[in-house]
Number of protein chains: 2
Amino acid sequence: MKKFLTIIILAVLSFGLISCTGDKTASDRLHKVALTDDEVRDINALIGKNGLITRSYNILKDETDRALSHGIDVPPPGESGGYEHEKHKQNYRDMKNAGIMFRLSGDEKYARFIRNMLDAYADMYPELGPHPLSYNQRPGKLFHQMLNETVWLLNTAQAYDSIYDWLTPEDRQKFEENIFNLMVYWFTVENPHEIDRIHNHGMWTAASVGMIGYVVGNQDWVNMALYGSKKDGTGGFLAQINELFSPDGYYMEGAYYVRYAMRPFLFFAEAIEKNQPELKIYEFRDRLIRKVFYSALQMTYPNGAFIPVNDASRSMDIKAPGMLYGTSLLYYRYGPDDNLLGIADIQNSVYLNAAGVKLAKDYESKPVKRPTWTSVEFTDGADGKQGGFGLLRTGEGDDQTVLGMKYGVHGLGHGHFDKLHFVFWNQRREIIHDYGFSRWVNIEPKFGGRYLPENETWAKQTVAHNTVVVDGKSQNNGNRKAADKMHADRFFFHADNPALQVMSARADDYYPGVKMQRTLFLVEDQALEYPVVVDIFRIKSDKIHTYDLPLHYRGQYMASSFELRNHRDQLKPLGADFGYEHIWNEAEAEPETSGWVTWLDGYRYYTWIFSGTGDSKFFFGRLGANDPNFNLIVHPLYILRQSGKDHVYASVIEPHGYFSEAEEVSRQADSIIRYVKVLSHNDTGTVVQINGQNNLEWIVTVYNGDKPDPEAEHEVYVRNQKIQWIGNYSLKKY
Amino acid sequence: MKKFLTIIILAVLSFGLISCTGDKTASDRLHKVALTDDEVRDINALIGKNGLITRSYNILKDETDRALSHGIDVPPPGESGGYEHEKHKQNYRDMKNAGIMFRLSGDEKYARFIRNMLDAYADMYPELGPHPLSYNQRPGKLFHQMLNETVWLLNTAQAYDSIYDWLTPEDRQKFEENIFNLMVYWFTVENPHEIDRIHNHGMWTAASVGMIGYVVGNQDWVNMALYGSKKDGTGGFLAQINELFSPDGYYMEGAYYVRYAMRPFLFFAEAIEKNQPELKIYEFRDRLIRKVFYSALQMTYPNGAFIPVNDASRSMDIKAPGMLYGTSLLYYRYGPDDNLLGIADIQNSVYLNAAGVKLAKDYESKPVKRPTWTSVEFTDGADGKQGGFGLLRTGEGDDQTVLGMKYGVHGLGHGHFDKLHFVFWNQRREIIHDYGFSRWVNIEPKFGGRYLPENETWAKQTVAHNTVVVDGKSQNNGNRKAADKMHADRFFFHADNPALQVMSARADDYYPGVKMQRTLFLVEDQALEYPVVVDIFRIKSDKIHTYDLPLHYRGQYMASSFELRNHRDQLKPLGADFGYEHIWNEAEAEPETSGWVTWLDGYRYYTWIFSGTGDSKFFFGRLGANDPNFNLIVHPLYILRQSGKDHVYASVIEPHGYFSEAEEVSRQADSIIRYVKVLSHNDTGTVVQINGQNNLEWIVTVYNGDKPDPEAEHEVYVRNQKIQWIGNYSLKKY
């Protein structure tokens with residue numbers, strides 16, 4: 001492994017000395033961001049008595065004591081994902097933890113650990129130049145990207161505050177001159193772009209500068225943190241949180257990034273509240289902080305994993321540090337909530353501060369159930385008028401069924417070309433799934449743990465999602481700048497009737513001249529064992545196009561209504577670009593009129609029943625082509641190809657039956673619904689017929705006009721027969 | 001779904017009337033196979049008091065009450081896996097359960113349920129002819145194969161005995177004349193081959209005939225069950241259990257089938273003990289029953305799943321009904337054992353009889369730990385001289401590491417061509433795995449739930465296993481009859497030193513003129529985080545052959561020591577037959593001298609480090625070619641191809657590091673061991689050098705002669721340097 005140590009002597013002595021730490025005595029200073037004496041007393045009183053506090057404390061103590069036993073190593077900077085990189089990350093975690101342990105226990109070994117480590121950093125840091133391996137990122141000095149360095153500072157500020165009183169003035173002067181002043185100079189003077197940037201990296205920069213500002217008493221730093229490098233409100237924390245979130249609190253980059261943004265967002269907010277309560281940060285923008293946190297919680301599946309919108313890890317969940325901190329903090333700052341207690345039950349831990357104390361006490365005093373979220377629609381864009389994300393939910397606790405559709409903004413550099421994409425959760429797993437990012441986080445042999453080339457060529461492309469691809473190209477032709485200028489639109493959202501919930505959204509001109517409207521129903525019916533999805537995807541165009549509707553599933557194909565031609569002894573990719581180059585064409589078929597395909601996933605069968613046209617083609621694909629380093633995770637998918645100018649894909653996804661290999665039991669491997677047909681569609685409405693076993697017959701309508709209105713009357717003719725309904729949709733059972 | 005009802009009037013009135021049930025009164029008869037009055041009293045006393053008994057009772061009661069609420073349906077026979085087939089299976093389960101519930105509660109609704117159902121069977125059964133959809137199986141009348149019908153009878157005999165006293169003489173006469181007599185006639189007169197067959201189907205037939213014989217008091221039937229249709233000991237239960245098991249209790253078809261065979265084996269044994277204690281069945285053949293049950297338990301992974309030897313479900317585990325019954329029974333009949341309490345802990349249930357009462361009482365009276373099995377070698381063949389199965393284990397409870405090697409007999413019709421195949425369990429999962437069978441049990445759309453064509457073309461073939469393939473063909477050229485005439489041989493097995501366990505076995509002439517010896521070490525070392533496998537596979541031949549060593553893994557390829565050429569835009573199968581036609585050739589490489597490949601599986605990395613030759617070729621394969629109906633489960637595999645006459649594959653499998661995507665932590669993605677070299681090999685011994693980071697250097701030797709002896713001295717020269725060791729192997733660390 002290569003090591004990097006460049007030596008640059010910086011002439012920065014005149015900068016940042018406003019902090020003047022040397023002139024204070026220990027006794028006249030309160031803790032700015034570390035635990036107060038009251039908090040220390042309250043937590044200590046609960047250790048050994050309260051389960052959540054005790055467990056959280058034991059984990060902290062074990063981790064910290066293990067860190068102390070390993071001694072101190074402050075290596076020169078290294079490459080991303082390598083030992084040195086990971087060690088510097090571990091060091092800030094260890095210092096922060098040691099700070100809390102020192103406050104709680106008063107044991108000076110923890111304070112010495114922090115001091116000695118800061119000493120080592122103070123010896124090295126002034127010697128460092130910009131990290132040479134930054135690639136497309138703004139470089140730090142300890143890390144290849146500045147982002148990691150701001151995280152280092154945000155954590156270390158808390159550790160430093162914890163031992164501030166305990167240190168000698170000489171220590172403080174050394175650390176501030178040799179580390180903090182230089183770091184803040186790097187962040188705010190040499191790279192001011194970052195602190196002013198409306199982006200989660202910007203928020204990290206602002207929060208870290210603000211936190212150390214409070215700790216060392218440098219209000220100038222705090223003001224840059226709050227209002228930007230120019231201190232005029234065009235950058236900095238307040239501008240960032242004003243623009244990064246919709247009025248509902250929805251974060252444009254999606255939940256994976258919001259849980260990461262949550263740390264600077266919440267830690268700095270709490271620091272502001274403690275040090276400048278006059279700013280009333282918790283009331284800011286109609287209690288934005290509350291909305292952001294709750295929208296993040298609602299963007300989770302029932303197991304606590306975040307719905308993987310845009311670039312996202314598929315396994316990141318509400319146990320992430322920022323979410324753990326937020327659960328305690330929100331409970332404390334905005335008042336008790338049973339769903340937060342349910343979240344704490346999944347987290348099985350609390351943050352050790354006054355907030356954690358309050359939550360932990362309530363948790364033990366009442367019965368706690370797993371959280372049950374209701375259906376919700378989030379608006380997107382800072383003005384709340386740039387589409388959104390809809391979530392239909394049914395069922396209780398961790399056995400909920402969830403249907404999500406994405407129809408908001410693109411989401412900047414981490415955005416995917418996936419408007420009108422949907423995901424479906426059932427049977428405690430993601431059945432129709434989102435690939436997430438293509439990245440093996442922190443695994444050094446996999447491109448240093450960074451985003452892989454396949455993130456661009458596969459994960460972001462339209463065909464990697466469950467939405468229509470036109471002419472084999474991605475939305476916006478895969479151009480991010482074009483995509484950032486557009487957004488999809490919400491059309492209607494009705495979740496009042498638990499047995500029939502529906503959401504409809506539009507994405508126009510993501511392909512020039514092509515207008516798309518997708519309407520998704522989540523339907524519960526006595527005739528069906530589980531809720532089913534009804535999907536009506538209408539496309540309008542004045543030119544003929546080829547349309548592909550991919551469905552990404554897992555598990556094992558079981559049966560279909562049609563014969564399939566398997567490419568049994570030679571596979572070729574389905575295309576040459578826009579993600580198709582990564583899909584092996586395993587088999588194809590021509591389902592005439594309506595067709596269905598059944599697969600097994602876990603203990604349940606799933607059948608996709610879809611309307612057909614004379615030229616319908618059906619592909620069985622599998623990921624893995626043109627992936628020279630085996631970076632992609634292989635899964636199968638279906639693609640239903642049809643063509644035309646105006647066209648409607650109508651389909652149903654039905655979960656059914658039960659299979660257990662261990663019990664050797666199989667029940668109802670056939671779906672109830674067997675047939676879907678588009679009877680008619682025009683600019684007034686779409687009429688779809690759904691048939692199944694036991695004489696099941698449904699007629700579903702969707703309003704296609706421009707003025708959604710729950711009370712308007714509509715009519716469409718199907719072969720001289722008038723179909724009438726009131727409102728934006730109807731589902732009639734015969 | 002098609003229905004089958006053929007009507008054949010059987011003239012069987014003169015047969016089977018020896019049973020003469022009409023002449024007994026209720027009061028003069030003891031229960032033959034159902035719960036005795038003492039058992040009823042003891043169980044009832046524990047319901048609501050003892051956790052295991054209460055839980056087991058509640059499950060039984062819930063299931064039975066649900067069955068009663070659904071009413072009775074006795075449909076005409078149907079196809080395998082279809083509704084009717086499953087319903088008849090459910091019916092015998094429901095009747096058996098209702099019998100126990102009637103005995104325990106005395107509530108006549110349970111008795112009426114059984115009587116009414118038997119009534120329906122008695123009306124239909126005489127009308128039935130042989131099932132027309134039997135394929136290659138002996139047909140039943142209710143079911144497509146007679147096997148299912150024997151299971152029906154074994155269960156129904158218990159239900160019938162439970163209500164025997166309660167029934168009127170007229171009922172009994174009707175049921176016996178119209179069902180049991182006809183069924184036994186079908187089993188013993190029209191198809192006597194089955195009861196005489198040395199096979200698990202034979203044991204089911206014998207046990208079912210014997211059970212109903214005891215119940216109706218027909219000793220002639222019992223004698224056929226015990227001694228065969230000719231009552232001369234050439235067939236029947238005693239001959240079967242004499243020949244199907246090795247002296248160690250190892251079952252030639254493997255654990256998947258033994259758990260199924262366990263039910264007739266144990267239920268009938270217990271019936272014999274109750275009704276003919278003079279046979280001393282529990283002492284039979286040096287307590288064979290005990291050995292069989294314990295060998296089945298030891299053929300499980302730490303999660304309770306059976307090691308999938310030969311045709312086997314990969315998820316069948318010790319919760320199977322026969323294993324549940326056996327845990328209670330063995331504890332009762334052979335005395336207390338903490339490991340059985342640990343098994344009951346996984347099962348979380350007991351059988352409701354005197355045996356279950358004893359186990360459940362002890363379970364509650366002492367602390368119970370998950371079972372820890374030790375390393376063990378089973379001999380194979382009725383004489384114990386036909387090779388065996390070796391299991392090396394290290395670690396405790398459910399965190400054990402397990403290494404298993406198969407070197408016994410072929411295993412009849414369910415046998416695989418897989419001698420010297422191994423499996424490796426680590427991190428609570430099967431890392432180097434066995435495919436098991438190719439079958440979707442009971443899933444009607446998948447070939448009626450029967451064995452699939454790919455079971456022959458893939459699952460049984462040598463390349464589907466982790467053992468050497470010669471010239472691209474399977475062992476015995478894939479001919480089962482040839483394979484059944486041979487067996488592999490144990491060579492040595494040493495498990496005394498937990499840090500260095502080793503087993504060695506041979507398989508000669510499975511390829512004409514080719515002799516193979518595989519020696520597997522399970523090694524623990526301070527320098528390594530987890531136990532590693534050292535694999536030394538020596539091949540002798542006087543002709544030049546191509547050798548392939550496949551390694552079947554799961555998860556994601558991470559890195560290798562060599563460049564690989566990925567077939568990025570076109571895949572072809574690796575071969576045309578012997579299973580190779582099912583493997584896509586995804587990439588290939590020429591690793592020179594020693595090479596390694598690392599993959600990620602779960603939370604841990606695994607590296608295979610192997611010796612090389614000038615012509616080594618390495619293939620990255622993936623299952624799925626020539627699988628027109630997507631019957632196969634797709635997984636990746638590696639194949640290391642080398643050639644020569646005499647040749648040694650030496651390799652190490654090292655688990656290392658940690659990865660958690662949710663925590664975004666990766667640690668030690670590189671293995672410690674980096675280099676393996678064969679220094680020398682001849683008919684005295686093989687010498688292998690293993691090197692790694694931090695100056696790790698091992699020299700491993702294996703004895704290759706014909707007289708294994710732990711005390712013999714051996715020497716081999718490596719470039720004029722004498723390497724000496726004592727015993728069958730050595731591992732020296734420098």
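Predicted model: local features only at pLDDT ≥ 70, side-chain atom pairs only at ≥ 80, totals over all residues.
**Figure 1. Relation between chain A and chain B.**

**Figure 2. The interface between chain A and chain B.** In this view, 38 residues of chain A are in contact with 38 residues of chain B. On the side of chain A that touches chain B, the elements giving two or more residues are strand S12 (556-560) and strand S21 (665-667) of chain A. S12(A) provides the largest share of that side, four residues. By class, this side of chain A comprises 18 nonpolar, 11 polar and nine charged residues. Because 100% of the interface residues of chain A are also interface residues in chain B, the copies meet through the same surface.

**Figure 3. The contact between domain 1 and domain 2 of chain A.** The domain assignment divides chain A into domain 1 (1-6 + 75-185), domain 2 (191-244), domain 3 (245-371) and domain 4 (376-733). The C-alpha centres of domain 1 and domain 2 of chain A are 20 Å apart. Their contact takes 14 residues from domain 1 of chain A and 13 residues from domain 2 of chain A. On the domain 1 side, helix H5 (146-163) and helix H6 (169-190) of chain A are the elements that give two or more residues. H5(A) gives the most to this side, with nine residues. The side of domain 1 of chain A that touches domain 2 of chain A has, by class, 10 nonpolar, one polar and three charged residues.

**Figure 4. Helix H15 of chain A and its packing.** The 12 residues of helix H15 (residues 354-365) of chain A should span 16 Å at 1.5 Å a residue, and the end C-alpha atoms are 17 Å apart, which agrees. The buried residues of H15(A) are A:Ala355, A:Gly356, A:Val357, A:Leu359, A:Ala360 and A:Tyr363. These buried residues pack against four helices of chain A: helix H1 (37-46), helix H2 (51-70), helix H13 (321-333) and helix H14 (338-347).

**Figure 5. Met211 in the largest nonpolar core.** The largest nonpolar core holds 450 residues, of which A:Met211 and B:Met211 touch the most other members. With its neighbours within four places in sequence left aside, B:Met211 is in contact with B:Val33, B:Leu154, B:Ala157, B:Phe267, B:Phe268 and B:Ala271.

How values were computed
Residues numbered from 1 in each chain as written. Chains lettered and ligands numbered in written order. Expected span 1.5 Å × (residues − 1). Buried ≥ 20, exposed ≤ 12 C-beta atoms within 10 Å, placed from the backbone. Contact = placed C-beta atoms within 7 Å. Core = buried A, V, L, I, M, F, W, Y, C linked by C-beta atoms within 7 Å. Domains from an automatic or database assignment. Nonpolar A, V, L, I, M, F, W, Y, C, P; charged D, E, K, R; others polar.
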